[in-house]
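Hello,

Here is the structure we spoke about, handed over with its sequence. My notes follow below it.

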Amino acid sequence: MLQTSIYEQIANARRENRKLIGILLDPDKLRLEKVADCLRAIDSQEVDLLLVGGSTVENGDTQALVGKIKELSSLPVVLFPGDFSQITGQADAVLFLNLISGRNSEYLINQQVKAVPLLEETNLEVIPTAYILVDGGVETSVARVSKTEPISPKDEKTILETALAGAYMGNKLVYLEAGSGAKTPIPGSLIAELRSRIDIPIVAGGGIRSHRQMAEAFENGADMVVIGTAFEQNPTILRQILNDEHIH
Ligand code: 1GP
């Protein structure tokens with residue numbers, strides 16, 4: 001068991017202005033026999049958290065992947081579930097996602113209700129997360145699966161008001177999501193504007209493939225950046241993206 005909760009670790013990092021890196025591993029794409037290699041690439045870098053989840057995952061695949069990771073790594077594992085069925089007590093925490101950029105009640109309340117019986121069987125730390133999908137220039141699987149429209153990054157007012165509503169509703173994190181494989185990551189100006197209006201940690205993800213894009217998110221006030229596709233396509237690129245002395 002961890003001494004401090006994952007959320008406290010994120011909140012402490014925010015207070016100390018230490019930027020966090022999360023690597024997203026998708027059980028639908030990462031084969032179990034590749035996990036060890038993947039973790040080796042991650043271990044040699046300053047990665048803080050592993051996120052596990054995906055939009056379309058076969059039953060049992062998340063459980064198998066988390067089990068394998070736990071055998072091989074001591075990094076905290078945080079579930080980032082596209083569906084309640086991906087909840088597994090083998091992880092340390094779950095981002096309890098509220099897809100508040102959309103208006104599909106399935107992802108506003110139904111999935112959350114369905115998650116309860118599974119959560120009751122675990123000791124998972126639940127981190128209520130305002131999850132906001134912003135258009136990143138391509139149709140993403142989050143939009144397709146959730147049947148919701150992303151908000152245009154130009155509509156800053158709606159994004160900010162949605163994020164603030166999420167905070168007023170008690171969410172402890174805001175996750176600005178451009179979508180996996182996004183062409184354009186969340187704009188720095190949008191992160192900066194939200195940072196000036198909100199005090200809870202901000203996570204930015206979707207389409208981050210370079211050190212410059214990661215640094216832009218951090219410099220504008222993101223507390224954590226999530227990288228998925230770039231790492232998945234080429235684990236050795238992580239080194240280049242993190243270029244560590246600039247971020248820790
Ligand atoms: C997606 O924010 C994450 O949910 C990561 O996106 O796969 O584009 O890095 P990428």
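The shell around the ligand divides into four nonpolar, eight polar and one charged residue (Ala, Val, Leu, Ile, Met, Phe, Trp, Tyr, Cys and Pro count as nonpolar, Asp, Glu, Lys and Arg as charged, and the others, Gly among them, as polar). This is a predicted model, in which local features need pLDDT of at least 70 and side-chain atom pairs pLDDT 80 or more, while totals for chains, interfaces and linings use all residues. Residues are numbered from 1 along each chain as its sequence is written, and side-chain values use heavy atoms, with hydrogens and water left out.

The ligand is surrounded by 13 residues, the closest being E177, S180, G181, G207 and T229 (a residue is near if one of its heavy atoms lies within 4 Å).

Polar contacts are pairs of N or O atoms within 3.5 Å. The side chain of E177 has an N or O atom 2.4 Å from an oxygen atom of the ligand. From the backbone, a polar atom of G228 is 2.7 Å from a ligand oxygen, and an N or O atom of G206 is 3.1 Å from a ligand oxygen. Of the 310 Å² of accessible area that the ligand has on its own, the protein covers 97% (Shrake-Rupley method, 1.4 Å probe).

Elsewhere, there are three aromatic pairs (ring centres within 6.5 Å). One of them, F80 with Y131, is edge-to-face (planes over 60 degrees apart), at 5.6 Å centre to centre and 85° between the planes. F80 lies in the loop between strand 3 (77-79) and strand 4 (93-99) and Y131 in strand 5 (residues 125-133), so the pair ties together parts 51 residues apart in sequence (strands are DSSP runs of E, at least two residues, numbered from the N terminus).

Regards

Definitions and conventions. Polar contact = N/O pair within 3.5 Å; in protein donor to acceptor, adjacent residues only side chain to side chain. Phe/Tyr/Trp six-rings, centres within 6.5 Å; stacked < 30°, edge-to-face > 60°. Helix = DSSP H or I, 4+ residues; strand = E, 2+ residues; numbered from the N terminus.
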